[in-house]
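Colleague: I'd like to learn how to read a model like this one. Could we go through it together?

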Amino acid sequence: MHDAQATSHAIASGKVASIAFTLTNQAGETVGEVTVDEPVEYLHGQGNIVAGLEKALEGRLAGEELEVLVSPKDGYGEADPAKVQVVERSEFPPDMELEVGMQFGAEDEDGEEVVIWVTAIEGQRVTVSGNHPLAGETLNYRVKVLAVRAATRDELTHGHVHGPHGHHH
Ligand code: ZN
């Protein structure tokens, strides 16, 4: 049981939490890391982080450490083969240096902004995917909550964090 004082410092909608984590995939490879020296701050309850992680952090206090397993459904979604296509190298600007793992913004057929990742390059054939590289993965987060504070009015209005570790306009 938390006392009233502690509960007011718990992560909840409208609070900004500062977290550090190590993210591993199903194969046990580290695919993401945020250290305690350079933590990320996020505004809770706005879907600014992966849904499964956000849910697990609800009610947590500064100093707590937890391990969270996130299914693809609550993570980056299932990989959709329809979002993978092979395009000619010549469809990219000639001076654009392509490498596997790079991402860029594009517009889909509805004019929506989407993020595309380069997943393979074979000669003049470039494979691109609209699936997040971690789509289809069960994610394992080892998270430490470093601080919890109330969001500012601007942050609440904008739906994201402002400040040194947050969003910049
Ligand atoms: Zn803003």
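Colleague: Among contacts between residues at least 6 apart in sequence, what share joins residues at least 24 apart?

Modeller: That share tells you how far along the chain the contacting partners lie. This is a predicted model, and here 61% of those contacts join residues at least 24 apart.

Colleague: Which elements does the chain run through, and in what order?

Modeller: Read them from the N terminus: α-β-β-β-α-β-β-β-β-β-β-α. That gives 3 helices and 9 strands.

Colleague: Can we take one residue as a worked case? Where is Ser18 placed?

Modeller: Ser18 belongs to strand 1, which covers residues 15-24.

Colleague: And why does Ser18 count as buried?

Modeller: The general idea is a cut-off: buried means under 20% relative accessible area. Ser18 has 10% relative accessibility, so it counts as buried. Leaving aside neighbours within four places in sequence, Ser18 is in contact with Pro39, Val40 and Glu41, and also with Lys144, Val145, Leu146 and Ala147.

Colleague: How much of the whole protein counts as buried?

Modeller: The figure is 35% of the 169 residues. As for the surface, the protein exposes about 10,400 Å², with carbon and sulfur atoms supplying 49% of that area.

Colleague: How many positive and negative side chains are there?

Modeller: Count each set, then compare their centres. The protein has 11 positive and 29 negative side chains, and the two centres lie 8 Å apart.

How values were computed:
Residues numbered from 1 in each chain as written. Predicted model: local features only at pLDDT ≥ 70, side-chain atom pairs only at ≥ 80, totals over all residues. Heavy atoms only, no water. Helix = DSSP H or I, 4+ residues; strand = E, 2+ residues; numbered from the N terminus. Buried < 20%, exposed > 50% of the residue type's maximum accessible area, 1.4 Å probe, protein only. Contact = heavy atoms within 4.5 Å. Areas by Shrake-Rupley, 256 points an atom, 1.4 Å probe, with all protein chains shown as cover. Lys, Arg positive; Asp, Glu negative; His and termini not counted. Charge placed at Lys NZ, Arg CZ, Asp CG, Glu CD.
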